[in-house]
Amino acid sequence: MKENSTIKSLDPRITRADIPKDGQLSIDIKPLDQWQTYEVFHQEKKGDHHSHVGSLHAPNPEMAFLMAKEQYARRGRCVNIWVVKTSDIFTTNFEDEDMYTTNDDKMYREAGGYKVMDRINKYKKEHKKKEAVK
Amino acid sequence: MSSEKNFGLSEEQTKAVKNLILRMADDELIIGHRNSEWTGLGPILEEDIAFSSMAQDKLGHAQALYNILHTMGEPDADTIAFTRNEKNFYCCHLVEYPIGDYDFSIMRHFLFDTAEAVRFDMLTRSSFQPLANLAKKMRGELKYHTMHANIWINQLGKGTDESHIRMQKALDECFPLALGIFEPSDYENVLSESGIFDGEKLLQSVWMDITAEVMEKSNLKLPDLDSVTPSYGGRKGFHTEHLQPLLDEMTEVYATDPTAEW
């Protein structure tokens, strides 16, 4: 009876799991069964800024770290990890995006607006020449 | 055999070292294979990835240990891993059992990895350099493995009524099997006298202290040592009914063409 009603697979683990062929699993998922999300920040080198690498599910910060380590620091360099509950992050709305725009006529407030690059480039050029002469 | 191949060990010491490494490597290979059975079936995606990654680490440990045997004149890692039958395997019974439910697998992971970490810590001071070097290299990886195990035991031991009951049952089930990790070999004296390894007895007592502490913090009750019979035999080639089917499954692809280049 059981033989015919469960999924047979080339993957022996699936066969062993006795999954009904009709796909009806007797699992009752309630709203709070889902863990909250945490945001993960990693640091590649001591002294570097931590940068956001993604999010994950965990029931508490300790376990969030456990998951973060394998999720985001398994490959590549990492010396430190921060995990922060997503709900603890205060964020602005995208509807208010317009408050971040700077009007074109205020270029002098931006670093790129300073008209010194010509002078810097001139100095660099001269300096290089001198080095070459030496 | 040249003395170089034997790292300056006597014949008896060589036998002892090979036996020790084979026991350790077989444990790693079988637990790694078992735990990898959770890949794709883990309780949640994040844990699935973490547990699978650690299973892969275990296979890496097995390979590194088999490689040491290879430098001592034994066949290469694949041949040792995939061409023996159960009588020639020296893993303990704990690692052979099917994965069961996640409570069983997590409890086994804790009990095994705690012993593994203590064993490798002891081996960082081994007079046999290849083992000492490997042990030092594995320190960071094992730190994460044991941290993962400790946090899960604590989380589930103190979680809900159901998780607590399940973890206690898993502990009662795993404990006698875990004691089988420390089944003494015929070489205990040789190993400790030559400073290669301080022995299963010491390992077990350190393991007991750590295990007792973690279980107490997790509201779980460690069975009385005198009330259980350790599951011995694995270290001598006597196994549970679960090992041979696992070996058959594990070597199924390899056996189709042992000479194939992968």
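Is Asn219(B) buried, partly exposed or exposed? With a relative accessible area of 49%, Asn219(B) is partly exposed, because that value lies between the limits of 20% for buried and 50% for exposed residues. The structure in which this residue sits is a predicted model. Asn219(B) belongs to the loop that joins α8 (200-217) to α9 (243-250) in chain B. Its backbone also deserves attention: the phi angle of Asn219(B) is near 60°, which is a positive value in a residue other than glycine. Most residues other than glycine have a negative phi.

Chain B has 10 helices and zero strands, and a reading along its sequence gives the pattern α-α-α-α-α-α-α-α-α-α. The radius of gyration of chain B is 18 Å, close to the 18 Å that the globule rule gives for 262 residues, so chain B is as compact as a globular protein of that length. Along the principal axes, the C-alpha atoms of chain B fill a box of roughly 60 × 45 × 35 Å. Of the 262 residues in this chain, 56% count as buried. The contacts in chain B may be considered next. Among those with a separation of 6 or more, 82% are accounted for by residues 24 or more positions apart. The accessible surface of chain B comes to about 11,700 Å², and 52% of it belongs to carbon and sulfur atoms. As for charge, chain B carries 23 positive and 43 negative side chains, and the centres of these two sets lie 5 Å apart.

The C-alpha trace of chain A spans about 90 × 45 × 30 Å along its principal axes. Of the 134 residues of chain A, 18% count as buried. For contacts in chain A with a separation of 6 or more, residues 24 or more positions apart account for 35%. Chain A has an accessible surface of about 11,500 Å², with 54% belonging to carbon and sulfur atoms. It holds 24 positive and 22 negative side chains, whose centres lie 12 Å apart.

Val79(A) is placed in the loop between α3 (61-72) and β3 (80-85). Its relative accessibility is 41%, and Val79(A) therefore counts as partly exposed. Which residues does Val79(A) touch, not counting residues up to four places away in sequence? They are Gln43(A), Glu44(A), Lys45(A) and Lys46(A). Although Val79(A) and Lys46(A) are 33 residues apart along the chain, their C-alpha atoms are separated by 6.6 Å.

Finally, the two chains may be considered together. Their contact takes 18 residues from chain A and 19 residues from chain B. Chain A and chain B bury about 1,600 Å² between them, with 64% of this area on carbon and sulfur atoms. Arg13(A), Leu66(A) and Glu70(A) supply 33% of the area that chain A buries against chain B, more than any other three residues.

Methods:
Residues are numbered from 1 along each chain as its sequence is written. Chains are lettered from A and ligands numbered from 1 in the order in which they are written. This is a predicted model: local features need pLDDT of at least 70, side-chain atom pairs count only at pLDDT 80 or more; totals for chains, interfaces and linings use all residues. Side-chain values use heavy atoms; hydrogens and water are left out. Buried means under 20% relative accessible area, exposed over 50%, partly exposed in between (1.4 Å probe, protein chains only). Contact means heavy atoms within 4.5 Å. Accessible areas come from the Shrake-Rupley method with a 1.4 Å probe; for residues, only the protein chains shown count as cover. Lys and Arg count as positive and Asp and Glu as negative; His and the chain ends are not counted. The place of a charge is taken as NZ of Lys, CZ of Arg, CG of Asp or CD of Glu. Buried area is the accessible area (1.4 Å probe) that two parts lose on being put together, summed over both. Helices (H or I, at least four residues) and strands (E, at least two) are DSSP runs, numbered from the N terminus. The radius of gyration is taken over C-alpha atoms; the globule rule is 2.2 Å times the number of residues to the power 0.38.
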